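Colleague: I have a structure open and would like to learn how to read it.
Modeller: Then let us go through it feature by feature.

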Amino acid sequence: MRQATKIFSSKQGPAINSVSFDVRNGEVVGFVGLNGAGKTTTIRIAVGVSLPTSGTVLIDGHDITSEKAVASKNIGWVPEIPNFEPNAKAWTLMRYLAGFYGIDRTEAKNRSKDLLASVGLSGFENRKIRTFSQGMKKRFSLAVSLLSDPPNFLFDEVLNGLDPEGIHFFRELMHGQKRVNKAILLSSHILTEIENIADRIVFIHRGRVIKTVTREELGAYEGLKGVLRVILQNASDAAISYLRTVGENLQVQGTEIVLSEFHGDSSQVNAELVKKGIPVREIKFEKTGLEEYFFELIKSADAGK
Amino acid sequence: MIIRPFLYDIKRTITSKTVLILVAIVLLTSLAIIPLTSIGSTRPQNNLFQAPILYYHDVNLEVYHYLAYFSNRYGDPISGVTFTVILQGQQNYTKTIVTNSSGLAFVAISAPNASYSVTLNEEMAGETFSTTLPPTASIKTTTPGAVLALSGQVISTVVDKYNASKSDIQVFYSGDYGVVPSSYSLYYKIVANPFYCSGSCLTEANMTKLGDVNNYRQVFDPPIPSGLSDSDEVFFVLFNQTGAAVQSSNFGLVQLREPRQPIMETSIASFFFSTILGLVIPLMAIIGSYSSYGKDRLTAVLESVLARPVTRLGLATSRFLSTVVAFTIASALAVGVVDLLLNSIGGSFLDQSYVLAIIAGLIVEVAAFTGLIFLLSHLLKSTGALLGISIILFIVLDFFWGLIILLLTRVLGGTPGSAVELQSTIYFDFVNPAQFLAVINVYMFGTLNGIPIQSSDYGVTLPTIVLDGLVWVLAPLMTFLYLAVKRD
């Protein structure tokens with residue numbers, strides 16, 4: 001995406017402003033922003049259902065605006081709120097949409113059956129879309145996005161409305177697609193999910209890309225930030241004095257000690273405590289890096305404004 | 001690469017359940033012509049037309065021969081007509097024959113050569129006609145066995161079976177002694193009226209041959225060139241093998257070519273097309289357009305299709321074309337059904353040019369309303385607003401148009417039936433796609449609100465109609481396509 005700008009109304013500012021970023025093959029790019037930051041607008045432009053006021057989007061070298069048909073063939077899109085013909089049956093609609101990719105009837109039939117089964121919609125083929133729950137619609141949308149086995153995926157808040165099994169399924173799917181060298185753009189406000197899977201993260205705020213970081217860069221930042229929760233058999237002074245050396249803002253709640261600004265490796269802390277003869281019941285490191293990083297970025301972006 | 005999904009989407013839209021149901025409704029609407037025909041028509045195929053009666057007298061065998069042909073107004077033979085010849089003299093002789101499948105009745109009465117008064121009785125389905133022919137003694141023939149026409153016309157006009165708005169020429173004749181005619185030929189000549197003829201002005205040499213007559217009854221379709229005056233006349237002459245004229249007739253040109261005033265079937269059809277079909281088609285086009293595009297666009301369902309390998313222009317065009325094609329087929333089928341029903345009831349098809357004009361008019365109406373609804377779906381924000389505006393548009397253009405014209409006429413100082421009202425009606429009909437068929441009817445029949453007019457005086461000409469149709473097809477379509485391609 002190069003310098004993409006979208007202005008819905010001249011009375012309002014641009015919904016997105018000079019947005020530029022790449023998603024390469026075999027890469028998952030997280031797309032993070034607050035509500036109204038411009039994530040969905042950006043993805044809709046990238047998919048070709050919305051027109052940019054200016055700028056270009058190239059899908060495998062094809063302009064989504066001027067070469068729409070060719071470019072769209074290389075995209076699988078799962079929108080935040082899938083919107084299909086409500087009175088169509090899943091089976092019929094799937095085969096109809098397959099027709100746009102030049103998939104012949106027999107192949108469309110087989111592929112639809114397999115894909116619906118793979119997303120857990122087996123047995124719902126003849127149900128009308130309007131009877132589907134939001135999660136089922138999302139699964140159906142995913143099945144449709146896989147119809148042409150495209151090299152690029154755009155998932156917009158794809159985990160919203162999914163049950164744990166659905167989230168697990170999506171996560172596995174993204175890993176699988178990444179392994180076979182597909183390019184994936186994943187927008188989500190569940191930052192831990194982004195952290196776990198994204199190779200790079202694009203931060204967008206008030207319609208502008210404010211930062212793009214790699215997993216490594218984020219990891220370095222995360223190394224400085226985190227919450228360490230240690231549950232000891234006995235919160236002894238020795239344990240507290242030691243823990244004060246590895247972090248700040250220490251709080252003791254019974255046998256649980258919380259270091260809200262932890263600077264180190266939790267496994268090393270565990271080993272050191274054991275070495276000191278302090279029995280450890282549980283030690284847990286919660287990364288708050290991405291969230292904090294994100295909020296800091298927003299703060300500085302707003303301050304810069 | 002691009003054309004396949006385009007055609008695919010057209011096929012999908014045309015075969016969608018909603019469109020198919022609407023098409024079925026349009027077709028069912030065409031059946032409404034049946035009660036209309038029962039009101040406006042009296043089963044014309046049963047009307048018995050005065051048969052031409054041919055006669056010859058075999059003096060040697062003392063047999064009086066009468067040959068009759070019974071037909072409907074299209075010249076189709078009517079079998080089962082009871083034909084009775086009564087010779088009344090010192091003795092009475094009666095003979096009854098029932099017409100055969102060719103509509104012919106050959107009556108031969110053996111009676112001494114004498115003077116008889118002759119009465120013919122024709123009876124069919126309870127209807128009886130009685131005709132008195134010249135007494136036998138008054139009929140003199142130049143050659144033995146020569147055939148004479150005693151009643152009706154040997155050369156007559158019949159309604160064209162394939163074009164109820166024009167007439168054909170029917171010849172009913174026989175050779176000497178009642179044999180099948182051979183080597184007879186029919187010629188015609190178009191002349192200005194008044195036509196002064198002195199000498200041999202109507203001969204084979206200075207007339208145009210229409211065809212050979214090789215049967216008792218034959219129908220000819222005389223080619224009438226355009227550009228002639230309505231007052232011109234056409235002379236038809238039947239020549240025998242020696243080139244001698246044996247029968248002739250002349251008809252005004254307006255009798256043969258498409259008349260200004262439509263005959264019954266065309267009149268019923270024009271009423272049906274401009275009122276009932278002209279009402280149903282826009283309504284179906286509005287509902288179909290809402291279903292195939294407007295609703296999908298305003299509920300963002302269309303995006304699930306737009307995300308596929310299809311261009312914005314392709315998707316917009318395919319939806320428009322498929323809607324127009326579906327309702328064009330429905331309209332053409334409805335017109336065809338009406339034509340077939342009128343033919344089965346009345347015996348004749350409608351004028352082909354009129355049928356084509358009506359179908360073209362319906363296409364314009366469908367395209368205009370489809371374009372308007374598609375266009376509105378890009379300007380409005382909700383399905384409710386789109387439906388509401390569409391219904392208001394339909395009601396105003398179809399139901400309140402006459403009232404608007406009436407009020408305008410009042411404002412302009414005109415009264416109902418005045419020239420001001422007629423001119424206002426024409427102008428307003430031009431700017432209303434729902435009235436396009438009404439404009440076509442004005443052009444075809446030269447009548448408006450039942451008042452005969454010179455349509456060109458009111459601006460209703462072929463070029464203005466074509467221009468109006470093009471504007472109604474292209475203006476909404478182009479605006480819609482612009483919005484579909486250039487705006488979200």
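Colleague: What should I know before I start?
Modeller: This is a predicted model, in which local features need pLDDT of at least 70 and side-chain atom pairs count only at pLDDT 80 or more, while totals for chains, interfaces and linings use all residues. Residues are numbered from 1 along each chain as its sequence is written, and chains are lettered from A and ligands numbered from 1 in the order in which they are written.

Colleague: How many helices and strands does the secondary structure of chain A come to?
Modeller: Helices (H or I, at least four residues) and strands (E, at least two) are DSSP runs, numbered from the N terminus. Chain A has eleven helices and 15 strands.

Colleague: Which residues of α6(A) are buried?
Modeller: A residue is buried if 20 or more other C-beta atoms lie within 10 Å of its own, exposed if 12 or fewer, and partly exposed in between, with C-beta atoms placed from the backbone. In α6(A), the buried ones are A:Phe170, A:Met174 and A:Gln177. They lie on the same side of α6(A) because they cover an arc of only 70° around the axis, taken from the directions from the helix axis to the C-beta atoms.

Colleague: What does the face turned away from the buried side of α6(A) carry?
Modeller: That face of α6(A) carries exposed residues, among them A:Glu165, A:His168 and A:Arg179. Just after α6(A), A:Asn181 has a positive phi of about 70°.

Colleague: What is the strand order in the open sheet of three strands?
Modeller: Two strands pair if DSSP finds at least two bridges between them. Here the order is β2-β1-β4 in chain A, and the pairing is antiparallel. β2 (16-19) and β4 (54-56) of chain A each have a single partner strand, so one side of each is left without a neighbour in the sheet. Strand β1 (residues 2-6) of chain A pairs with β4(A) over two bridges, and A:Arg2 has A:Thr56 as its bridge partner in β4(A).

Colleague: How many residues of chain A are in contact with chain B?
Modeller: Two residues are in contact if their C-beta atoms, placed from the backbone, lie within 7 Å. By that rule, 19 residues of chain A are in contact with 19 residues of chain B. On the side of chain A that touches chain B, α2(A) gives the most, with four residues.
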